[in-house]
Amino acid sequence: MDDKIVLKAENLEKTFGTGKRAVKAVDGVSFTVREKEIFALLGPNGAGKTTTVKMLLNLVSPDKGNIQIFGKDMPEAQREVMKEVGTLLEGSRNLYWHMTVRENVYYFANLRGKSAKEVKDDMEMWAERLRLQDKLEEEVGKLSRGMQQKAAIICALATKPKLLILDELLLGLDIITRFEVEKLVKELKEISTLIISSHDLRFIEKVSDRILIINKGKVVAEGTASELRHKISYAKYRFTLRKNEESQYLEELKSIRGVEISFYEGNIDTDILELTFERPELIYDVFDIFRKFSVIPVEIDNLGEPFEEIFKSFVEGGENK
Ligand SMILES: Nc1ncnc2c1ncn2[C@@H]1O[C@H](COP(=O)(O)OP(=O)(O)OP(=O)(O)O)[C@@H](O)[C@H]1O
Ligand SMILES: [Mg+2]
């Protein structure tokens, strides 16, 4: 995998207000995003995601910390770097309400040094995919909440940016559009690098290469979805097994270190067995024993914790510290 670094944030800090009213929104956040990666910022309301995103885009200036995008120091390289960055701000607030969708797309393209002609085809293609093609000539202020979000996404994508920073990507989108966005995010990864935030954990788990969980301005975990899962809970599977007569496989299973039998129900020709694995690769040892005793797994269910539980453990764990 090409691991060229696209964005590096080091020790970002931001406090809003002063004295008793001061809120430390971001408190020492660091992360690195590599080329063609989908990098997710995850955290509860008020965690500091939007403030972090705004610092990356120089819409909020950090009190401390360094940001490099495409190897260039920010904010000095702002003008040059932003030409290659597509942005979606929380609540599509960056759009001009009195301009049509088309005018907005051309306006933001122009800021990035691209002409209307250069972005027209992409705009129409994305509008079609997001089912907004009939609204291109409408004023943004007159569109529904979800349509405004679609318009903002089209503005971000139309210039084929090398880096996309999309805060609250799914905000206000209907279910069908969410599925479409899921598909297009995966396609965009082929040509671009993405930093996204969303409260839809199922979506984040599915599309992200790496996830940064922040809470109260601090990083509480970082890794792939499966790395995060394994930090919190052991792999757990339920097997439905077809066996031959009186098989002694159970005794042998008990002898594998790191595998625990958490449930067993023996029937005449099938057994139901739930196993907890300290390390996922121990499943090979289990299969060796199944093979040795001619026990055939006819059904295997993953009983792993839903990602919501993993997320909660990190956030609540961080609060107990
Ligand atoms: N302009 C501002 N002035 C004062 N406080 C602010 C400002 N912007 C953000 N904050 C505070 O900073 C903290 C972090 O807010 P931020 O918007 O970054 O959170 P978030 O992770 O994006 O949350 P959400 O999931 O609700 O969008 C919050 O306590 C918020 O009240
Ligand atoms: Mg936010």
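Guide: A crossing is left-handed if the near helix is turned anticlockwise from the far one by less than a right angle, and right-handed if clockwise. Before we start, this is a predicted model, where local features need pLDDT of at least 70 and side-chain atom pairs count only at pLDDT 80 or more, while totals for chains, interfaces and linings use all residues. Residues are numbered from 1 along each chain as its sequence is written, chains are lettered from A and ligands numbered from 1 in the order written, and side-chain values use heavy atoms, with hydrogens and water left out.

Visitor: Is H3 roughly parallel or oblique to H4?

Guide: Take the axes as lines fitted to C-alpha atoms, for helices over the stretch in contact, with angles from 0 to 180 degrees between N-to-C directions. Under 35 degrees is roughly parallel, over 145 roughly antiparallel, 65 to 115 roughly perpendicular, and the rest oblique. H3 (101-111) and H4 (116-129) pack at about 130 degrees, their axes 10 Å apart. So H3 relative to H4 is oblique.

Visitor: Which way does H3 cross H4, left-handed or right-handed, and how many charged residues are in the contact?

Guide: H3 passes H4 in a right-handed crossing. Arg-102, Val-105, Tyr-106 and Ala-109 of H3 meet Ala-116, Val-119, Lys-120, Met-123 and Glu-124 of H4. In classes, Ala, Val, Leu, Ile, Met, Phe, Trp, Tyr, Cys and Pro are nonpolar, Asp, Glu, Lys and Arg charged, and the others, Gly among them, polar. The contact of H3 with H4 has six nonpolar and no polar residues, and its charged residues number three.

Visitor: How many polar residues are in the contact of H3 with H5?

Guide: The axes of H3 and H5 come within 9 Å and cross at roughly 30 degrees. That makes H3 roughly parallel to H5, and the crossing is right-handed. Val-101, Asn-104, Val-105 and Phe-108 of H3 make the contact with Ala-151, Ile-154 and Cys-155 of H5. With six nonpolar and no charged residues, the count of polar ones is one.

Visitor: Staying in H5, is Gln-148 buried or exposed?

Guide: Gln-148 sits in H5.

Visitor: What is the relative accessibility of Glu-182?

Guide: Glu-182 lies in helix H6 (175-188). Beyond neighbours within four places in sequence, Glu-182 is in contact with Arg-202, Phe-203, Lys-206 and Val-207. Glu-182 counts as buried because its relative accessibility is 7%.

Visitor: How about His-199, what is its relative accessibility?

Guide: His-199 is in the loop between S8 (193-197) and H7 (201-207). Not counting residues up to four places away in sequence, His-199 touches Gly-43, Pro-44, Asn-45, Lys-49 and Glu-168. His-199 counts as partly exposed, at 38%.

Visitor: Which peptide bond is cis?

Guide: Most residues other than glycine have a negative phi, and most peptide bonds are trans. Pro-75 is in the loop between S5 (72-74) and H2 (78-82). With omega near 0 degrees, the cis bond is the one from Met-74 to Pro-75.

Visitor: What is the relative accessible area of Lys-160?

Guide: Lys-160 is in the loop between H5 (145-157) and S7 (163-166). Its phi is near 50 degrees, a positive value in a residue other than glycine. Lys-160 is exposed, with a relative accessible area of 53%.

Conventions
Helices (H or I, at least four residues) and strands (E, at least two) are DSSP runs, numbered from the N terminus. Contact means heavy atoms within 4.5 Å. Buried means under 20% relative accessible area, exposed over 50%, partly exposed in between (1.4 Å probe, protein chains only).
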